[in-house]
Amino acid sequence: MKEPEPVVFVIDDDRMIRDGLQSLIRSVGLRVETFASAQEFLVAKRPDAPACLVLDVRMPELSGLDLQLKLRDGGIPIPIIFITGHGDIPMSVRAMKEGAHEFLTKPVRGQDLLDAVQKALASDRTLRQERKEANEIRGRFESLTPREKEVLELVVAGLLNKQIAAQLGMSELTVKTHRAHVMEKTQAESLAHLVRMSEKLKSVSRK
Amino acid sequence: MQISTAATAKRTLFRYGLAIGLIFLALLVSLALQNSFGNPFWFFFSAAVILSTWFGGAGPGWLAVICSTLAVMYYFTPPLRSLAVTPHDLPYFVTFVACEMGVTQLISWRKRSEDSIRQARDELEVRVAERTAELKNANDALVRQMAEQRRTEETLQATRAELARAARITTIGELTASIAHEVNQPLAAVVANADACVAWLSRKMPDLAEARSAAERATQGATRAAEVIARIRSLITKATPEKSRVPLNRVIEQIAALAEGQAERNHVAIKLELSPDLPIVLCDSIQLQQVILNLIVNGIEATTSVTDRPRMLTLRTEAEDKGQVRVSVRDSGVGLNEEVMGRLFEPFFTTRPKGMGMGLSISRSIIEAHGGRLWAESNTSGGATFQFTLPSEDGLTA
């Protein structure tokens with residue numbers, strides 16, 4: 001399956017800066033979409049592809065920092081590169097705490113921005129991959145029956161078949177059958193693989 | 001209240017007692033002398049009545065009259081030892097009683113008027129004392145109020161100066177932030193577009209169309225930055241000064257008076273040497289005031305660290321030929337070294353820690369906008385002289 005083409009969103013209320021940034025990013029062969037305001041970006045349809053956001057902090061109405069919070073609350077994970085004319089420390093600390101990918105001051109050197117964009121896209125690609133894998137695993141795990149899930153929990157916790165049988169009040173033979181189903185449904189190649197998948201699922205749902 | 005009533009009762013008792021005592025004394029003396037002289041000395045009773053009235057007042061006086069009448073009737077008018085009076089003695093007796101009564105009445109009148117005079121005097125004294133105290137209180141209050149007012153005025157002045165400085169700093173701060181943003185925005189556009197232009201040219205297959213449009217946008221950004229700068233400059237020095245006929249000497253006197261407070265605080269003497277026959281100049285008086293005040297304040301601040309010679313600021317006006325007037329502000333301050341002299345009129349150049357470095361630069365722009373010149377010289381005797389020329393009215397019409 002081929003990875004969809006990554007896209008860079010540029011949001012700045014100053015047309016000349018917007019056009020300059022767009023041209024700069026396009027020159028390295030990346031797809032760019034520009035917006036004059038945060039609202040415009042929020043209502044736009046976003047493609048399902050690795051992406052990052054180049055965002056001006058100081059904008060009328062919805063500021064860059066406001067948009068960051070809105071995206072986070074809306075569960076839209078997208079790396080943000082902030083650009084600010086007056087990069088005061090408290091503001092950048094706040095932005096970084098909320099998970100900003102990078103914080104650059106105006107005027108931005110072209111190479112710095114391109115580096116930041118590449119890094120942000122790579123990071124988004126990894127995150128998307130992780131999310132995709134986790135979704136697949138979750139799908140498989142969810143196909144298990146409640147009984148099988150119980151068995152899975154105890155297997156992953158490192159209990160022996162005999163112990164599991166005692167704890168769940170069933171015969172060792174039944175445990176073995178459930179266990180075989182679990183391995184089959186989750187496509188686990190080994191016990192170690194099963195444990196890894198289970199851990200991954202937990203860590204992604206924690207994020 | 002109770003005590004004073006008791007005291008009054010006691011005093012009344014004493015006065016009546018005194019009357020009875022005196023009559024009794026008179027009786028004893030008269031009885032004693034009766035045996036030796038035969039004819040009774042009723043005059044002792046007169047004396048007793050007079051004394052009783054004098055010291056005791058009307059009441060005791062009348063009591064003394066009654067008592068003495070009875071005593072005389074009983075002891076000294078025949079028939080003796082009875083309260084009867086023989087017709088023979090009657091005129092004499094009546095005359096006696098009448099005299100007694102008259103004397104008592106006269107004395108008590110006299111006493112009463114004396115008492116009322118004394119009372120009036122006492123009251124007057126009390127009133128005078130009260131008034132004096134009131135006056136003194138009022139005076140004290142006035143003194144206190146004046147001191148307070150002076151303090152308030154001092155505080156007010158300090159606050160006003162503080163406020164003016166804070167306002168200036170705030171304005172400068174806001175102005176700076178706003179200028180920084182206004183200039184930084186187009187600069188960012190220039191950098192982004194120039195970088196994009198280079199990037200398009202650096203590709204394996206250079207894209208000239210893209211590079212050109214990026215370069216064009218960079219130029220636009222630079223033009224915008226230049227416009228912003230021009231706008232700020234025209235903001236600082238109003239493009240067209242509003243000229244009117246200005247009596248220069250009067251303006252200088254006013255500004256010198258305005259700066260007097262600051263000069264006094266810094267122990268600087270301001271001396272005016274104003275030419276009496278100075279032609280009128282055509283200029284924007286507000287801007288001119290700004291320039292003069294700026295030069296005076298600079299002069300004062302230049303002298304504040306001087307301790308080995310008098311701190312002097314001399315303001316001088318003179319008419320020059322070629323239809324010009326010249327204003328000079330000469331200080332006895334620290335003077336100007338060569339490095340300072342070279343950069344004196346540059347914007348944002350300052351030798352003061354809190355200075356903005358705009359005063360002289362703006363002043364020069366103002367004077368030049370009026371067709372004059374502003375320059376500085378070091379004095380041979382220490383300190384510096386700032387002077388400017390302005391075309392006079394006849395110089396302009398000529």
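Reader: What makes the pairing of D73(A) and R72(A) a salt bridge?

Author: In this predicted model, the side chains of D73(A) and R72(A) come to 3.1 Å, N to O. The cut-off for a salt bridge is 4 Å between a side-chain nitrogen of Lys or Arg and a carboxyl oxygen of Asp or Glu, so the pair qualifies.

Reader: Why is D73(A) called exposed, and what is R72(A) called?

Author: Exposed means over 50% relative accessible area. D73(A) has 57%, so it counts as exposed. R72(A) has 47%, which puts it in the partly exposed class.

Reader: What makes E150(A) and R147(A) a salt bridge?

Author: Their closest N and O atoms are 2.9 Å apart, and 4 Å is the cut-off. These two residues lie in helix α6 (residues 146-156) of chain A, 3 residues apart, about one turn of the helix. E150(A) is partly exposed, with a relative accessible area of 34%, and R147(A) is partly exposed with 34% as well.

Reader: How many salt bridges does the rule find over all chains?

Author: The count comes to 21. Some of them join up: K271(B), E273(B), R316(B), E318(B), E320(B) and R326(B) are linked in a network of salt bridges.

Reader: How many salt bridges cross the interface of chain B and chain A?

Author: The rule finds 2 across that interface. The side chains of R26(A) and E210(B) meet in a salt bridge at 2.4 Å, N to O. There are also 10 residue pairs in polar contact across the interface of chain B and chain A, both residues being at pLDDT 80 or more.

Reader: Which elements of chain B supply the side that touches chain A?

Author: α4 (90-202) and α5 (208-236) of chain B each supply at least two residues of that side. The largest share, 13 residues, comes from α4(B). By type, the residues on this side of chain B divide into 9 nonpolar, 6 polar and 5 charged.

Reader: How much area do chain B and chain A bury between them?

Author: About 1,600 Å², with 54% of it on carbon and sulfur atoms. In chain B, N184(B), Q185(B) and R217(B) lose the most area to chain A, together 26% of what that side buries. The contact takes 20 residues from chain B and 21 residues from chain A.

Reader: Which residues touch the most other members of the largest nonpolar core?

Author: They are L288(B), I296(B), F386(B) and F388(B), in a core of 40 residues. α6(B) gives the most to this core, with 7 residues. Not counting residues up to four places away in sequence, L288(B) touches V246(B), L248(B), V251(B), C283(B), F388(B) and L390(B). A second, separate core has 30 residues, including C52(A), A189(B), A199(B) and A211(B).

Reader: What makes the phi of H267(B) worth a remark?

Author: Most residues other than glycine have a negative phi. The phi of H267(B) is near 55°, a positive value in a residue other than glycine. H267(B) sits in the loop between α6 and β2 (269-274) of chain B. At 62% relative accessibility, H267(B) is over the 50% limit, so it counts as exposed.

Reader: Where is Q187(A) placed, and what is its phi?

Author: Q187(A) is in the loop between α8 (172-185) and α9 (191-206) of chain A. Its phi is positive, about 55°, although Q187(A) is not a glycine.

Reader: What kind of peptide bond joins K106(A) and P107(A)?

Author: That bond is cis, with an omega of about -10°. Most peptide bonds are trans. P107(A) lies in the loop between β5 (102-105) and α5 (110-142) of chain A.

Note on methods: Residues are numbered from 1 along each chain as its sequence is written. Chains are lettered from A and ligands numbered from 1 in the order in which they are written. This is a predicted model: local features need pLDDT of at least 70, side-chain atom pairs count only at pLDDT 80 or more; totals for chains, interfaces and linings use all residues. Side-chain values use heavy atoms; hydrogens and water are left out. A nonpolar core is a set of buried Ala, Val, Leu, Ile, Met, Phe, Trp, Tyr and Cys residues joined through side-chain atoms within 4.5 Å. Buried means under 20% relative accessible area, exposed over 50%, partly exposed in between (1.4 Å probe, protein chains only). Helices (H or I, at least four residues) and strands (E, at least two) are DSSP runs, numbered from the N terminus. Contact means heavy atoms within 4.5 Å. Buried area is the accessible area (1.4 Å probe) that two parts lose on being put together, summed over both. A polar contact is a pair of N or O atoms within 3.5 Å; within protein, one must be able to donate a hydrogen and the other to accept it, and residues adjacent in sequence count only if both atoms are side-chain atoms. Ala, Val, Leu, Ile, Met, Phe, Trp, Tyr, Cys and Pro count as nonpolar, Asp, Glu, Lys and Arg as charged, and the others, Gly among them, as polar.
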